[in-house]
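I opened this entry to look up the aromatic pairs, the sheet and the surface of one model. My notes follow in the order I checked things.

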Amino acid sequence: MPDIPLDTLDVVRSYDDRSWGDHGPTRAVEAVVEAGKVLAFPHLAFALAEPERRFLDPRWADVKAKNVSVRWPSGKLRGAVGAPDDLQALRAMIVRFAEQSEALALRLFPHYRGHLRRGNTSFRPTDVAGRVRSWRQDDTRLHVDAFPSNPMRGTRLLRVFSNVNPNGEPRRWRVGEPFEAHARRYFAAIGRPLPLSAWLMAATGITKRRRSEYDHLMLQLHDRAKADAEFQRTSPQARVDFAPGTTWVCYSDQVLHAAMGGQHMLEQTFQIDAPHLADPASAPLAILERLAGRPLLS
Ligand SMILES: [Fe+2]
């Protein structure tokens, strides 16, 4: 049986690497990830020390927070509850994941060296299936990542995930159509943002910085896809199960994805500005600018 079954769309590429750092065999695969593929490593487990196994329990997650996370550059732990000694050990585990993920990313994508910025590292000990959410926050619906309060202005979201489930439970995803096909599906129906709205949202703190027309389009794609029941049901899609011990890497602002189930995962986000990609023309920004026929970062 193949390691990563059921991906009839050929979105997932599987690699045999068994180490995170410089010694693994796979390197310089920028073209694969930038083409919108998910790079899966079925034999690249994030190893927990025996005392760290106690953290595989939702009780460490503050119910008011979305995730347990370490923020960078401060390195502070957020969203966790427990005694100081425990929290220090939990933080150390998450920081180790951040460091190993970074070593992996720089080996896979040496072109990004000096340009990859470490974003949040999150630990998700809660079950995906148990979360009740609004349709817009429902990540069991196919979507590309885009955030209302955090305009990216063309900066990419590269993510490293690792399933650390101790009970054999896979992380279950659906993946969907290529980004350009997805953008073309909704592009003609999306209007331009209202004049002054980007300025107003930045001035009042609704957004962290000015929302560009690129961000407007990405948010519209995110929302329209999630709100479109017909799209969710009938668009090209494939089921992918990431077994425990699997690590996978993708641009989550490009790969249509839905998290259908699973518990106990670590995730590292990296940011990189589109001009530093090996092929900037592959980025959602370039694809949307081609469709629009004009620059979208004003
Ligand atoms: Fe997502």
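I count rings of Phe, Tyr and Trp (its six-membered ring) as a pair if their centres lie within 6.5 Å. The model is a predicted one.

**Aromatic rings.** I looked up the cluster: Phe161, Trp173, Phe242 and Trp248 form it together. By the pairing rule I get 12 aromatic pairs. One of them is Trp20 with Phe46: the centres are 6.4 Å apart and the planes stand at 85°, so I log the pair as edge-to-face. Trp20 sits in the loop between β1 and α1, and Phe46 in the loop between β2 and β3, so the pair ties together parts 26 residues apart in sequence. Trp20 and Phe46 are both buried.

Trp20 also pairs with Phe97, again edge-to-face, at 5.9 Å centre to centre and 80° between the planes. Phe97 is in helix α2 (residues 84–108), 77 residues from Trp20. Which relative accessible area does Phe97 have? I find 0%, so Phe97 is buried. For Trp20 I note 9%.

**Sheet.** I traced eight strands in an open, mixed sheet, in the order β1-β2-β9-β6-β11-β5-β3-β4. From one strand to the next, the twist averages 20°. I then checked β2 (residues 38–41) against β9 (residues 247–251): they pair antiparallel over three bridges. Ala40 has Trp248 in β9 as its bridge partner. Trp248 is also a member of the aromatic cluster.

**Surface.** I found a nonpolar patch of about 370 Å², made by Leu196, Trp199 and Leu200. Trp199 belongs to helix α4 (residues 197–203).

Note on methods:
Residues numbered from 1 in each chain as written. Predicted model: local features only at pLDDT ≥ 70, side-chain atom pairs only at ≥ 80, totals over all residues. Heavy atoms only, no water. Patch = residues over 30% accessible without salt bridge, like charges linked within 9 Å, V, L, I, M, F, W, Y side chains within 5 Å. Areas by Shrake-Rupley, 256 points an atom, 1.4 Å probe, with all protein chains shown as cover. Salt bridge = Lys/Arg side-chain N within 4 Å of Asp/Glu carboxyl O. Helix = DSSP H or I, 4+ residues; strand = E, 2+ residues; numbered from the N terminus. Pairing = 2+ DSSP bridges. Axes fitted to C-alpha atoms, helices over the stretch in contact; angles between N-to-C directions. Phe/Tyr/Trp six-rings, centres within 6.5 Å; stacked < 30°, edge-to-face > 60°. Buried < 20%, exposed > 50% of the residue type's maximum accessible area, 1.4 Å probe, protein only.
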